[in-house]
Amino acid sequence: MLELDKLVKLVGDGIEAVVTALGLGPTWVTLVQLIVAALVVVVFAALVVLFLVWWERKVSARFQMRLGPMRVGWHGTIQTIADALKLLQKELITPANVDRGIYFWAPVVTFVAAMAVYVTVPFGKGLIVRDLNIGILYILSITTFTVIGLLMAGWSSNNKYALLGGFRSAAQVVSYEVPMALAIVAVVMLTQTLSMGEIVSQQAKFYQWYIWRQPLGFLIYLVAATAECNRTPFDLPEADSELVAGFVTEYSGMKFAMFFLAEFLNMFTVAAIATTLFFGGWNGPFLPSWMWFLIKTLAGVFVLMWFRWTYPRLRVDQLMSFAWKFLLPLAFINIVLTGLGIYIFRP
Amino acid sequence: MDTISLAFYALAFLIIAAAIFVVTSKNIFHSAIYLILALFGVAGIYVLLQAPFLAAAQVLIYVGAVSMLMIFAIMLTARIADQTIRHTNEQVPTGLLVSLGLLAVIVYSLWQTPFAISSDPMPEGAGGTLGKLLLTQFALPFEIVSVLLLGALIGAVVIAKKDSVRREPEAPMTPLPKSAEKVAG
Amino acid sequence: MPDVFALQAPPRYEIEDDDLLINIPAPPEKYSGAYLTETYKVNMGPQHPSTHGVLRLELTMDGEVVLSIRPHIGYLHRCFEKHAENLPYAGIVPYTDRMDYLAGLSQNMSFAVAVERLMGIKVPERVEYIRVIICELQRIASHLVAFGTYGLDMGAFTPFLWAFRDREMILDLFEWLTGARLLYNYIWVGGLARDLPEGWVAKTREFLDYFEPKINDFNDLLSYNHIFITRTANVGILPPEVAISYGVTGPNLRGSGVDWDLRRDDPYSIYDRFKWNVALGKGRFGPIGSCWDRYWVRIEEMAESVKICRQALEGLPEGDVHETIPRKARPPKGDVYARTESPRGELGYYVISDGSDVPLRCKARSPCFTAISSLNAVVQHAKKPMLIADVVATVASYDIVLGEVDR
């Protein structure tokens, strides 16, 4: 079948042979292997974003009874590439009185944080850059940098709307990170490991998926994760009817595109984590593992798009009280229930 | 020099440079950003020490929560972010004395401590062991620290809330338009 | 040549502070005074996606809490009233279209009614029926925009395109009838520009049959959405007495539960012949007069307009629509104030004639202008702190058209 793990091994061995032939030590072998893997992941992420942007436009069009992009390529498939080329050509405007250094670095930080997550996402059998033994904790911690980037953008833009957008994103992400982490903790209590690869291999059979043992945890995760990646109904940091464009108000061209890319990458990440933790990761019959992973993850992304094109937006205080007064107690209840379940059903 | 040492010195340089910028930067928001950089560098040191769990916790707690709250406080505090602030005050000699004293103490203790080098292999999945220890052997310190933090939290709310102070608007909210003043004579 | 220096200087007005300021600042201790914070100002607009045109709102803010709103208007002022003083009556009609560009026919109608009253013209039955049909269709089209943009302002994108899909059909009908899609110049003084084309009535019936069940779809998508209700039901409350004191009219007044509809209470044209209900805000999910109530009045009015349209199509008589159009409109000396129920409320034209073929004075009473005036009152009467998002919700629930406010 079309499994890719053989290919990956082949390439890895090839690199090892070449680097060793050049007379360099094993550290260099690992380094070169990691660099190649990182490049592959970056290219993959770029392709994912290209696809997701096109798909989002098509999905939204269907929800709204229109066609969406149709002109560039078959059903507008290469529309996104055209848009990306347009964005590349645009002037990078730096408004007066912005904090130049921070203004420049904000999109970089956001984008790199969104990208760094992919180090430990299991894309398929043998397709994981580094199966860190703190995998899920690593993802949780590295995503916090996204918010730092948003805050930097909001603060440095010298714009009230951007500043308010920055406030909102910080408050929102700090609030929703807690129930999200607690929902993940409940799963980790069952898996007894933080490693993403291990978690996937525990869910080999359909009935072993953690969604069956953690339905509440999955719902909490889904809601909190939607808030984490600033999607409707939690898209307050960039609520266009209130804050124009929130923290990206002053950005243009490729800097804007980097925020945009980060948003779509985050959406994919959220769905990928949901797939790994709750839906058996790349496990599945007949099809190659990476295809199963993609199918499950894109289904998750579709749910997020469904939310976006159906729901109105919450208000700031409603958002906060929902997180602290409803979601957080629910997450604690879930943890207590999980603990009780482990205590009763496990020797 | 092997790669590990190289990485260590690079990280150490990053941390120290960032730390110096934290103290000398005139803009307090910049200080906060440099602090995040320094804390992130410390996480890198943890990774070099093969303590990835600690590194992740460092990033999650210091970068994700503590620094973010600091930035939040800076952004919400009136006008503090607009201004350039002097970080030194009139008592430079005293400060120098105190910090030199502190440095001497640290160096002395570093010198005196016999750092035992364990030959045991690194435990896999330190998270589980840490969790067990926190909830069994070190349950009491863990709880005490939690209560302390809770106290700090409530204290902050109490300090921030000033019931008796009534806010007076500094200037008239909307000044009369120039044209209107002219007409009014 | 007149001696310009001999002309009298304009009168000097003594302007007091109170004339210019709308009760600023609000008492801050009501909800946020306990914390030592700093107020600042945000200019919302004139280029802002949710001010529905070029309206500038000066918001005095405390964090995200809005303490007061001061609307600034005039960015779209096109001197309609002055234009009207230099144009023959028939020539003013196209200008009325441009005031409320979402409901041009209702504006035509109101002006025509005013001049006809001044001249004492009784228009043929067929004209009256056609006027009612197209004005009600126009009301549906206008309320569809209100519904769609309200969804947009609440962050839901899909309702907007659903609404525009159905509005498009009405616009197609209008295009067929009048030749224009936005600025119609169709209802003339004393009659109509042209008669109904063949097959128009059947197509309109078809549309009404198609559209009536769609209202339920809208409700399923937006009206009963839990998030939407929490966003709007306790927000932007305009108490009935405040609404009356500010002269708020139309769906905004009815949203506050005041049973007042000019089509029923001061019937013009032939509205007294039809059976329909006046939609009222009932405070279903919160206090009466909330944003949701105003929104809901519009949804219900669309259904009621369908009813009126159906009845009018039933009773449509034969006749000549050009019969009573005067060759040159020269109303006798005198003045008249005629008011009609436009989709936005009481639209009135006060016309003074000196007997010539141009009016001496023509004043339009704009329903949106009064609605905007009450914005600050909504903030001051709010029981809970009002956020920027609530300002957006309130402004959008007023369904204002800046072309009409500024004229």
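1. Some ground rules come first. Because the model is predicted, local features need pLDDT of at least 70 and side-chain atom pairs count only at pLDDT 80 or more, while totals for chains, interfaces and linings use all residues. Residues are numbered from 1 along each chain as its sequence is written, with chains lettered from A and ligands numbered from 1 in the order in which they are written.

2. Start where chains A and B meet: 23 residues of chain A and 19 residues of chain B take part in the contact (C-beta atoms, placed from the backbone, within 7 Å). On the chain B side, α2 (28-48), α3 (52-76) and α5 (126-135) each supply at least two residues (helices are DSSP runs of H or I, at least four residues, and strands runs of E, at least two, numbered from the N terminus). The largest share, eleven residues, comes from α3(B). By class, this side of chain B has 13 nonpolar, five polar and one charged (nonpolar: Ala, Val, Leu, Ile, Met, Phe, Trp, Tyr, Cys and Pro; charged: Asp, Glu, Lys and Arg; polar: the others, Gly among them).

3. Chain A also touches chain C, with 23 residues of chain A in contact with 25 residues of chain C. From chain A, α10 (240-243) and α13 (316-345) each supply at least two residues. This side of chain A divides into ten nonpolar, five polar and eight charged residues.

4. Now look at chain C, where four strands form an open, antiparallel sheet in the order β1-β2-β3-β9 (strands pair if DSSP finds at least two bridges between them). Its edge strands are β1 (39-44) and β9 (386-387), each pairing on one side only.

5. Strand β3 (residues 65-72) of chain C is joined to β9(C) by two bridges, and the two run antiparallel. C:Val66 has C:Met386 of β9(C) as its bridge partner.

Notes: Two residues are in contact if their C-beta atoms, placed from the backbone, lie within 7 Å.
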